[in-house]
Amino acid sequence: MCMGCLSFLLLGGMFFVVDIKGWWGGQPFIYPGMNSIFVYVGHSLLGFYFPFSWEMRFQQSHWEWLFQSLWGTALWLLIAYLLYRKKFFLKI
């Protein structure tokens with residue numbers, strides 16, 4: 001219930017900032033949103049391969065897991081941005 005409430009408040013805040021006031025255009029969330037199917041399928045197929053993930057050297061370290069997750073997200077964001085600039089959009 002708390003997570004649902006927090007997501008509702010966050011959605012309302014984003015609606016106010018982006019749509020009503022126009023203070024922010026929504027970047028970088030626009031880029032993966034325009035190719036969400038491509039990013040989802042790409043991550044499902046390639047998510048366990050290098051450079052998106054690798055064998056952990058220190059399994060108990062949360063920092064390495066965090067870095068791997070941030071690195072994979074940054075790579076998919078970069079791929080989505082490059083596809084957005086080339087005007088390639090996957091539709092179903």
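A: Helices are DSSP runs of H or I with at least four residues, strands are runs of E with at least two, and both are numbered from the N terminus. The model is predicted, so local features require a pLDDT of at least 70 and side-chain atom pairs a pLDDT of 80 or more, while totals for chains, interfaces and linings use all residues. Residues are numbered from 1 along each chain as its sequence is written, and side-chain values use heavy atoms, without hydrogens or water.

Helix α4 spans residues 62-85, and helix α3 spans residues 36-46. The axes of these two helices come within 11 Å and cross at roughly 140 degrees (axes are lines fitted to C-alpha atoms, for helices over the stretch in contact, and angles run from 0 to 180 degrees between N-to-C directions). The pair is therefore oblique (under 35 degrees is roughly parallel, over 145 roughly antiparallel, 65 to 115 roughly perpendicular, and the rest oblique). The crossing of α3 with α4 is right-handed, a term for a near helix turned clockwise from the far one by less than a right angle, anticlockwise being left-handed.

With a relative accessible area of 11%, Gln-68 is buried (buried is under 20%, exposed over 50% and partly exposed in between, with a 1.4 Å probe and protein chains only). Leaving out residues up to four places away in sequence, Gln-68 touches Phe-52, Ser-53, Trp-54 and Met-56.

The loop between α3 and α4 holds Pro-51, and the peptide bond that joins Phe-50 to Pro-51 is cis, with omega about 15 degrees. A cis bond is also found from Gln-27 to Pro-28, where omega is near 5 degrees; Pro-28 is placed in the loop between α1 (2-20) and α2 (30-34). In general, most peptide bonds are trans, and most residues other than glycine have a negative phi.

The segment after α4 contains Lys-87. Phi of Lys-87 is near 60 degrees, a positive value in a residue other than glycine. Lys-87 is exposed, since its relative accessible area is 65%.

Phe-89 lies in the segment after α4 as well, and with a relative accessible area of 31% Phe-89 is partly exposed. Apart from neighbours within four places in sequence, Phe-89 is in contact with Met-34, Asn-35 and Tyr-84.

Notes. Contact = heavy atoms within 4.5 Å.
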